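Me: Hi! I am new to protein structures and would like to learn how to read one. Could you take me through some features step by step?

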Amino acid sequence: MEQPATCCQPCCAPATRPTVRPTDPPAPTHLPHGWDGEDVTQGVPRVPQGELPYTLNLSVTLQSPHGIDHVLSNCSLTPLSYTAGNRTTAQVSLAEAPPWDRDVELLVYYTEPHKPSAVLEVGLPGAEPGSLMGDSVVMVTLLPSLPEAVPGQSAAGEFIFLLDRSGSMECPMDGRDRSPQRIDSAKETLVLLLKSLPLGCYFNIYGFGSRFESFYPQSVGYTQQTMAESLQRVQKLQANLGGTEILAPLQAIYRSPCRDGHPRQLFVFTDGDVGNTQNVIAEVQRHQGAHRCFSFGIGEGASTALVKGIARAAGGSAEFITGQDRMQPKALQSLKRALQPAVTGISLNWDLPPGMEAALLGRGPEVIFPGQRCLVYAQLRGQPQPPDTAVGSVTLQYRIQDQTYKETLQFPLQPQDGDRLPVHRLAAKSLLLELEGAVDTGSERDRRRVLETSLSSGVVCSLTAYVGMDTERGQPVQGPLVRRDIPLAGLGAAPRMRKMRCLKANYITPKAMSCSSSVPMARVLVDCAAACDFDDSLDEPEQALEESPLLRLVSLQNADGSWDLDPRLAAALGVSEADARGRMPSKDVAPGVWATVLAVVWLHGRAAGQRNEWELLEAKAVVWVRGRAGPRLSECLEAANILLGCSVGPAVFGL
């Protein structure tokens with residue numbers, strides 16, 4: 001199966017598709033002197049696309065140790081031209097100027113995308129030996145092919161549910177009469193999620209507002225006892241924790257160590273916005289190698305930037321629940337993804353000639369989830385002895401479920417020189433992302449390293465900025481910014497573009513930047529009752545929403561997937577206890593087996609339209625039944641169909 005991949009370009013993460021945004025330049029950090037308009041594009045002329053005074057020429061050089069298969073784009077391309085006989089290098093260009101109403105996207109397909117590779121890039125000539133840009137850097141790439149999990153049989157994973165319990169969660173899900181409150185819908189979702197977890201995993205539940213709470217100090221093993229205790233606490237949850245402050249609980253979660261062999265999966269449910277969105281996203285991204293994040297925006301007021309940002313930062317997915325959408329199926333589909341096998345136990349063992357050593361740039365990943373690519377960077381220090389040593393190697397070891405894999409990758413120690421150094425700059429970007437977290441804690445040593453890495457590599461960070469340089473004099477451009485109105489493309493439906501500021505400069509280079517003060521931010525708290533326009537004119541007492549038939553049945557399921565034969569189950573199935581016990585096909589059948597068959601048949605016969613909400617917990621039940629029912633399973637299925645008036649086929653139980 002072919003997987004999309006990308007070329008290696010400076011300052012572009014290779015795990016994403018390369019995108020050129022000609023109509024969306026960076027947001028301005030300064031406005032022209034005296035500017036008091038709300039929109040910096042006011043007065044900028046718009047002309048037909050054919051009259052624009054600029055165009056875009058793009059030529060891309062692609063390299064892959066295992067070969068390049070083909071390239072696709074949403075714009076017209078020249079034919080792919082291979083520059084090496086083994087198809088490991090190629091070039092492609094835009095055949096014509098692209099339309100200005102879209103991004104330019106390239107999808108590059110490798111010949112063997114799941115085969116690991118190691119690429120060495122020599123340092124910059126003249127750079128100080130021992131520095132990042134002066135030494136060689138190796139990039140190790142791993143995109144493992146993972147098997148599909150069998151539903152109901154996965155036991156690995158740590159599942160953390162982070163629930164918004166701010167006051168706005170008391171608002172209704174939509175404008176319909178008797179629509180459930182957001183907090184009630186979230187509680188029902190938590191019940192389904194808890195019931196769908198596999199025995200042997202770990203879990204915890206956090207609630208956040210102006211402060212945060214957790215069910216347990218650290219994640220606990222999923223057992224009948226911990227599940228039952230958690231369900232009782234879920235029923236008591238209220239939207240009573242004030243505002244929306246998510247950074248502190250995230251930091252608390254990340255301080256808790258991950259469990260070996262149990263990849264961490266974070267589920268975030270929120271209906272609001274925060275004043276420090278970028279800080280929250282950065283915090284999630286700093287821990288991207290150790291977990292995955294699934295986020296859910298509830299209602300129209302949920303921050304798109306926050307919900308999408310944290311999911312993208314940690315390789316998960318973002319969902320939005322608006323109007324009459326149901327939260328439950330979207331959350332359960334994300335859990336289904338989270339239960340797929342992952343790569344753990346990742347380690348590297350370097351085999352280098354005397355005089356050389358490898359130093360990892362950053363902590364390296366702890367887990368790789370399906371569809372994710374792992375990139376590990378290492379700086380090679382010293383000189384090989386003897387100097388003409390041809391190759392080095394690295395042994396990559398990792399674990400998928402219960403099987404351990406080892407692969408040895410060789411790379412030349414005398415590759416061809418280059419002047420662009422894309423691997424070095426990608427390594428710098430990865431290292432800066434990790435180091436900037438330490439800067440916030442006041443580490444002066446890490447702060448100096450951040451500045452040195454950014455200034456030497458040309459990769460901008462939070463402590464540096466680009467300034468215009470006069471290349472003839474070697475000095476920064478002096479004087480005020482000169483404003484030029486650059487025409488925008490099209491009329492009417494043309495995409496909106498921010499004003500570009502142009503400097504009279506020939507070159508741009510990063511310089512250190514310091515901030516001596518911060519801008520105070522005012523937080524606005526909105527009364528939930530006023531915002532949701534509740535009608536308080538009626539004096540009738542509020543009536544609790546009726547529990548759904550599905551939730552009544554699911555609430556009775558045990559952690560191992562079984563149900564008990566008791567009056568509560570009979571009531572949930574809509575039959576009398578006498579009939580439930582009297583229709584048991586044989587005394588040889590255990591009551592629990594019969595009860596679980598009845599529950600599974602009810603799910604298929606009476607709640608087929610909500611399959612996305614119960615398929616995981618049903619898979620647990622089927623596995624449990626098949627291990628205990630023996631030859632009587634067919635009789636149990638036939639008797640259950642008669643009792644419940646259903647016609648569920650034997651394939652449901654693998655018969």
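Reply: Happy to! Helices (H or I, at least four residues) and strands (E, at least two) are DSSP runs, numbered from the N terminus. Leu421, for instance, sits in the loop between strand E23 (403–412) and helix H7 (422–439). Before we go on: this is a predicted model, where local features need pLDDT of at least 70, side-chain atom pairs count only at pLDDT 80 or more, and totals for chains, interfaces and linings use all residues. Residues are numbered from 1 along each chain as its sequence is written, and side-chain values use heavy atoms, with hydrogens and water left out.

Me: How many residues does helix H6 have, and how far does H6 reach?

Reply: The expected span of a helix is 1.5 Å times one less than its number of residues. H6 (residues 327–338) has twelve residues and reaches 17 Å from its first C-alpha to its last, close to the expected 16 Å. Its buried residues are Met327, Gln328, Pro329, Ala331, Leu332, Ser334, Leu335 and Ala338. Among the elements covering these buried residues are helix H1 (182–196), strand E15 (264–270) and H14.

Me: At what angle do H1 and H6 cross?

Reply: Axes are lines fitted to C-alpha atoms, for helices over the stretch in contact, and angles run from 0 to 180 degrees between N-to-C directions. The axes of H1 and H6 cross at roughly 35 degrees and come within 9 Å. Contact means heavy atoms within 4.5 Å. On the H6 side, the contact is made by Met327, Gln328, Ala331, Leu332 and Leu335, and the H1 residues include Arg182, Leu192 and Leu193.

Me: Why is H13 called roughly antiparallel to H14?

Reply: Angles under 35 degrees count as roughly parallel, over 145 as roughly antiparallel, 65 to 115 as roughly perpendicular and the rest as oblique. Helix H13 (residues 591–606) and helix H14 (residues 611–626) pack at about 155 degrees, with axes 10 Å apart. That angle makes H13 roughly antiparallel to H14. Among the residues that meet are Val593 and Leu603 in H13, and Trp614 and Leu617 in H14.

Me: Where is Pro585, and which residues does Pro585 contact?

Reply: Pro585 is in the loop between helix H12 (577–582) and H13. Beyond its neighbours within four places in sequence, Pro585 is in contact with Trp594, Glu635, Cys636 and Ala639. Pro585 has 30% relative accessibility, so Pro585 counts as partly exposed.

Technical notes
Buried means under 20% relative accessible area, exposed over 50%, partly exposed in between (1.4 Å probe, protein chains only).
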